[in-house]
Amino acid sequence: MPTYTLQIQIDPASLKTIYASNEKLTLVKQTDPSQAEVAWVAFAPFENNRVTWSEQYAVYAAQTELKAGASIEKLSTLS
């Protein structure tokens with residue numbers, strides 16, 4: 001299972017603008033260009049940030065239609 005690390009550096013002036021706008025840094029994953037993107041992590045950033053993750057997959061079942069802004073309620077899980 002591969003592990004990835006993303007280093008993000010933000011200069012102080014930009015960081016001040018982000019906080020003044022009450023914004024967060026959001027990482028988005030897109031698996032297929034024709035499908036919707038999925039925001040999988042959002043956080044208030046610092047000047048130096050490191051995000052580390054491992055590719056791990058699971059199967060889930062839900063009755064929710066996949067569309068932008070939908071909340072998915074998981075019915076079952078198999079890892």
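Select alanine 36. Alanine 36 counts as partly exposed because its relative accessibility is 40%; buried means under 20% relative accessible area, exposed over 50%, and partly exposed in between (1.4 Å probe, protein chains only). Alanine 36 lies in the loop between strand E2 (25–29) and strand E3 (38–43). Helices (H or I, at least four residues) and strands (E, at least two) are DSSP runs, numbered from the N terminus.

This is a predicted model, where local features need pLDDT of at least 70, side-chain atom pairs count only at pLDDT 80 or more, and totals for chains, interfaces and linings use all residues. Residues are numbered from 1 along each chain as its sequence is written, and side-chain values use heavy atoms, with hydrogens and water left out.

Next, select asparagine 22. It sits in the loop between helix H1 (12–20) and E2. Its phi is positive, about 55 degrees, although asparagine 22 is not a glycine. With a relative accessible area of 71%, asparagine 22 is exposed.

Now show the whole protein chain. It has one helix and six strands. From the N terminus on, their order is β-α-β-β-β-β-β. Of the 79 residues, 11% are buried.

Finish with the surface. The protein chain exposes about 6,800 Å², and carbon and sulfur atoms supply 52% of it. Accessible areas come from the Shrake-Rupley method with a 1.4 Å probe; for residues, only the protein chains shown count as cover.
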